[in-house]
Amino acid sequence: MFETLTFPAINRLLRANAWALEKLRPHAGKTVLMTCPPARVAATITLEGDLAPAIPEAVADVTIALTPGVLMRFAARDETAWREARVTGDVELAAAVDYVRRNLTWDYEEALSRVFGDVAAHRMASAARGLDAFARGTLLNLAHAAAEYATYENPVLASTNELQRFSREVDAIRDDVARLEKRIQRLSRTLA
């Protein structure tokens, strides 16, 4: 069911960006498997460069394994999230998919203007951008509040200062032990 909803939308977006089709066309016939437990989505690149659901027995040419946390970071447009995805298989295909993922944009204001007109589409897009900025700010504030709670109110995490202090103490103990070992060696040599 997921594929029947996503592939038409992705293909419409790919067709609106002809460069993306050109980037994927050399990999026609290859299969990309994206996994994010419990979901698995396998897509085969067509001769036109768009995507089709892969046949069940297709062997993936590249596998991109994500965790739910990394997927959420992708949704929030965190560019560092791709580094945490586990990619195996065809390196050139993985690079093409990553390039398309990074550069593919949807001009939703243009799409809305065809339905509602230019002025209404511009206002809706402005409202959506404002809502997006508000949501990002709210999520960032919530993350900071949760981190502070976990660090200070209900100490589950150690603060940076505590970690640095602990590190200094461990270093001091290590140095003391090294000095004690040398002293013991000197004493044992003098007794021998």
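**Figure 1. The second largest pocket of the predicted model has a volume of about 240 Å³.** Two elements each give two or more residues to the lining of this pocket: α1 and α5 (108-116). Helix α1 supplies the largest share, four residues. The lining residues are A9, R12, L13, A16, N17, T105, W106, D107, E110, A111 and R114. By class, five of them are nonpolar, two are polar and four are charged.

**Figure 2. The largest pocket has a volume of about 1400 Å³.** Elements that contribute two or more residues to its lining are α1 (2-16), β1 (31-36), β2 (39-45), α3 (68-75) and α4. Which element gives the largest share of the lining of the largest pocket? Helix α1 does, with seven residues. The class count for this lining is 27 nonpolar, three polar and five charged residues.

**Figure 3. Helix α4 covers residues 91-103.** Its 13 residues should span 18 Å at 1.5 Å a residue. Which residues of α4 are buried? They are L93, A94, A96, V97, D98 and V100. An α-helix has 3.6 residues a turn, so residues three or four places apart point the same way. L93, A96, V97 and V100 are among the buried residues of α4. The charged residue D98 is buried as well.

**Figure 4. D90 caps the N-terminal end of α4.** D90 sits in the loop between β5 (86-89) and α4. One of its side-chain oxygens lies 3.0 Å from the backbone nitrogen of E92. A polar atom of the D90 side chain also lies 3.2 Å from the backbone nitrogen of L93. L93 is itself one of the buried residues of α4. Which residues does D90 touch, leaving aside those up to four places away in sequence? The contacts are K30, D61 and V62.

**Figure 5. A cis peptide bond joins P37 to P38.** Its omega is near 5°. Most residues other than glycine have a negative phi, and most peptide bonds are trans. P38 is placed in the loop between β1 and β2. Strand β1 covers residues 31-36 and strand β2 covers residues 39-45. Both strands give two or more residues to the lining of the largest pocket.

**Figure 6. A39 lies in strand β2.** Is A39 buried, exposed or partly exposed? Its relative accessibility is 42%, so A39 counts as partly exposed. The cut-offs behind this are under 20% for buried and over 50% for exposed. A39 and T138 are 99 residues apart in sequence. Their C-alpha atoms lie 28 Å apart in space.

**Figure 7. E162 belongs to helix α7 (residues 160-191).** E162 is partly exposed because its relative accessible area is 38%. Along the chain, E162 and D78 are 84 residues apart. A distance of 29 Å separates the C-alpha atoms of E162 and D78.

Conventions. Residues numbered from 1 in each chain as written. Predicted model: local features only at pLDDT ≥ 70, side-chain atom pairs only at ≥ 80, totals over all residues. Heavy atoms only, no water. Expected span 1.5 Å × (residues − 1). Buried < 20%, exposed > 50% of the residue type's maximum accessible area, 1.4 Å probe, protein only. Polar contact = N/O pair within 3.5 Å; in protein donor to acceptor, adjacent residues only side chain to side chain. Contact = heavy atoms within 4.5 Å. 1 Å grid on protein atoms, 1.4 Å probe; cavity = no way out; pocket = protein on both sides within 12 Å on 5 of 7 lines; lining within 4 Å. Points joined across faces, edges and corners; volume = space filled by probe spheres on them.
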